[in-house]
Amino acid sequence: MLNFSKIINTILFSSILFFTACNDTKPSKNYDGKKLLEQKCTSCHNLNMPPIISKDELAPPMMAVSFHVHSFVKPSDESQRTTKAINFVVDYIFEPSFEKSFCDKDSLKRYGLMPSQKGNLNKDEAKAIAEFMFKHFTMENLTKKQKEQAEYDSKSEGMKIALKHKCLGCHKIDKKIVGPSFKDIAKKYQDSKEQIIKSIKNGSKANWEDSNGAIMPPFKQISDAELKTLSEWILELNQS
Ligand code: HEC
Ligand code: HEC
């Protein structure tokens, strides 16, 4: 059931990229395509994956661009698809035109034509960017990121806060590592949420016999709302 809805999601997502949002080569030596892409293209194209598609965006998200170009270029031989897509991007960066663009008419009207990036980067840099694009912004990576995102979204708020503040580097739910397990902490402080909050804020030392001198650092930066959710989540673990 879950798998099925994930598949539907991915298909839906691909069609969104296809229809709306504007709707084998060796890496270029000495150039970091990822970094260059971040420097030269993010002022207009968002690089998030899954992409953020917003109403007031200046240009299609890079995932959509990459997907478009890779799907719509017409190689004479299928094995040349990525090479052809890379060449298209390198050319487009310097010589954009309404005729060449794969964006649909409505999107082009909304965005306007991409300004030529001549003078902003050289051809080798453009090539490194294009090579990185077709390695990173792939359907495979998109599906992987969507899965990670779905897994994260399905976690409880308490777990998300514990992940955010890296509590889980020292605590596991039901096994002692550096610090006591969260279940043992819940057992010990069953009636005292306040004590748990205080320990997180101020840290803790020698409250647990088997800590072997390990101490818990203070976490002053956690907000009161987060402390409340976090401590309630720890206490609930005692019931599961
Ligand atoms: C000043 C804003 C701006 C910058 C900077 C910019 N772009 Fe664009 N880009 C656009 C807009 C707007 C469009 C959509 C209109 C069009 O196709 O020309 C676009 C479209 C494209 C397309 C064609 C998309 C398609 O589906 O046919 C490619 C390829 C592209 N950009 C690559 C890049 C790369 C790579 C960079 C960084 C080197 C970059 N752009 C930097 C604004 C920008
Ligand atoms: C660097 C390792 C480390 C990190 C990170 C850490 N802890 Fe601890 N924690 C410990 C150790 C060690 C103890 C036991 C210390 C002792 O003996 O008093 C402990 C004890 C605790 C206790 C019980 C304190 C008491 O008074 O008995 C709570 C509650 C707790 N941790 C919650 C958290 C939460 C929530 C986070 C994340 C915000 C966190 N810890 C992050 C190491 C850590």
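## Salt bridges in the model

A salt bridge is counted here when a side-chain nitrogen of Lys or Arg lies within 4 Å of a carboxyl oxygen of Asp or Glu, and the structure holds ten of them. This is a predicted model, in which local features need pLDDT of at least 70 and side-chain atom pairs count only at pLDDT 80 or more, while totals for chains, interfaces and linings use all residues. Side-chain values use heavy atoms, with hydrogens and water left out, and residues are numbered from 1 along each chain as its sequence is written.

## Pairs within helices

Helices are DSSP runs (H or I, at least four residues) numbered from the N terminus. In helix H8 (residues 157-164), Glu157 and Lys160 lie three residues apart, about one turn of the helix, and they form a salt bridge whose closest N and O atoms are 3.4 Å apart. Lys160 is buried at 15% relative accessible area, where buried means under 20%, exposed over 50% and partly exposed in between (1.4 Å probe, protein chains only); Glu157, at 48%, is partly exposed.

In helix H11 (residues 224-236), Glu232 and Lys228 are four residues apart, about one helical turn. Salt bridges that share partners join Lys193, Lys228 and Glu232 into one network, and the link between Glu232 and Lys228 spans 3.3 Å from N to O.

## A further pair

Asp91 and Lys100 form a salt bridge with their closest N and O atoms 2.9 Å apart. Asp91 is partly exposed at 31% relative accessibility, and Lys100 is likewise partly exposed, with a relative accessible area of 29%.

How values were computed
Chains lettered and ligands numbered in written order. Helix = DSSP H or I, 4+ residues; strand = E, 2+ residues; numbered from the N terminus.
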